[in-house]
Amino acid sequence: MKRFTPDFYYETLEKISVSMLKQKQIKGLILDIDNTLVPPHTPICDARAKQFVENMQKDFKVCIVSNNIYERARRFAVSFPVDFVCDGNKPAKKPFRLALAKLQLEPQQVAVIGDQIFTDVWGAKRMGMLSVLVEPICSEEGKFIKLKRIFEKMVYNKPKQ
Ligand SMILES: [Mg+2]
């Protein structure tokens, strides 16, 4: 199903191609936190996430959009610092619109990077943004997310790498 099919899929954040993003005229990135940048329940930004975001900041404006609460998103975002939108309710359009306003970019100039099809990928597609799916960092997830993973498998087959 097209609306659930990411434009690009990478096994890890580090494999995301900067030249591909530039080729697609991308100027800004919207990043998910949980299971994209850090494992869920990791209270602060770790070295790996910090390095990834700082690398990306060399070429792109960055904004975090999380469905998690204010305190979680804020604590994370201040380590760079980058702008953030919390309580996002992705795939709703509102958090993405807020992020676009912060980035001062148009939807077609922005890529959404996240680990979930029904929040990050679908949300990006609804906005007309480029969608980049990454493998979740940690496979131990809550019951609700586990259920969503089953549905994800039904709508999108990850390419074998
Ligand atoms: Mg996530």
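**Figure 1. Overall size of the protein chain.** For 161 residues, a compact globule would have a radius of gyration near 15 Å; the protein chain has 14 Å, which agrees. The radius is taken over C-alpha atoms, and the globule rule is 2.2 Å times the number of residues to the power 0.38. This is a predicted model: local features need pLDDT of at least 70, side-chain atom pairs count only at pLDDT 80 or more, and totals for chains, interfaces and linings use all residues. Residues are numbered from 1 along each chain as its sequence is written. Along the principal axes, the C-alpha atoms fill a box of roughly 35 × 35 × 30 Å. Of the 161 residues, 40% are buried. Buried means that 20 or more other C-beta atoms lie within 10 Å of the residue's own; exposed means 12 or fewer, partly exposed is in between, and C-beta atoms are placed from the backbone.

**Figure 2. The order of helices and strands.** The protein chain holds 6 helices and 6 strands. From the N terminus on, they run β-α-β-α-β-α-β-α-β-α-β-α. Helices (H or I, at least four residues) and strands (E, at least two) are DSSP runs, numbered from the N terminus. Take the contacts between residues at least 6 apart in sequence: 62% join residues at least 24 apart. A contact means that two C-beta atoms, placed from the backbone, lie within 7 Å.

**Figure 3. The sheet.** The 6 strands form an open sheet in the order β1-β6-β5-β2-β3-β4, with parallel pairing. β1 (8–10) and β4 (83–85) are the edge strands, each pairing on one side only. From one strand to the next, the twist averages 25 degrees. Two strands pair if DSSP finds at least two bridges between them. β1 and β6 (residues 130–134) pair over 3 bridges. Here F8 stands opposite V132.

Figure 4. β5 pairs with β2 in the parallel sense over 4 bridges. In that pairing, G28 stands opposite V110. Another 4 bridges join β5 to β6, also parallel. There, I113 has V132 as its bridge partner.

**Figure 5. Helices on the sheet.** Helix α3 (residues 70–77) lies across β3 (61–65) and β4, at about 165 degrees to β4. Helix α4 (residues 94–103) touches β2 (28–31), β3, β4 and β5 (110–114), and its direction makes about 155 degrees with that of β3. Axes are lines fitted to C-alpha atoms, for helices over the stretch in contact; angles run from 0 to 180 degrees between N-to-C directions.

**Figure 6. The buried face of α4.** Which residues of α4 are buried? They are P95, F96, A99, L100 and L103. Seen down the axis of α4, they fall within an arc of 140 degrees, so they line one face of the helix. The arc is that of the directions from the helix axis to the C-beta atoms. Their cover includes β2, β3, β4, β5 and α5.

**Figure 7. The largest nonpolar core.** Of its 42 residues, L29, I30, C63, I64, V110 and A111 touch the most other members. The largest share, 5 residues, comes from helix α5 (residues 117–127). A nonpolar core is a set of buried Ala, Val, Leu, Ile, Met, Phe, Trp, Tyr and Cys residues joined through C-beta atoms within 7 Å.
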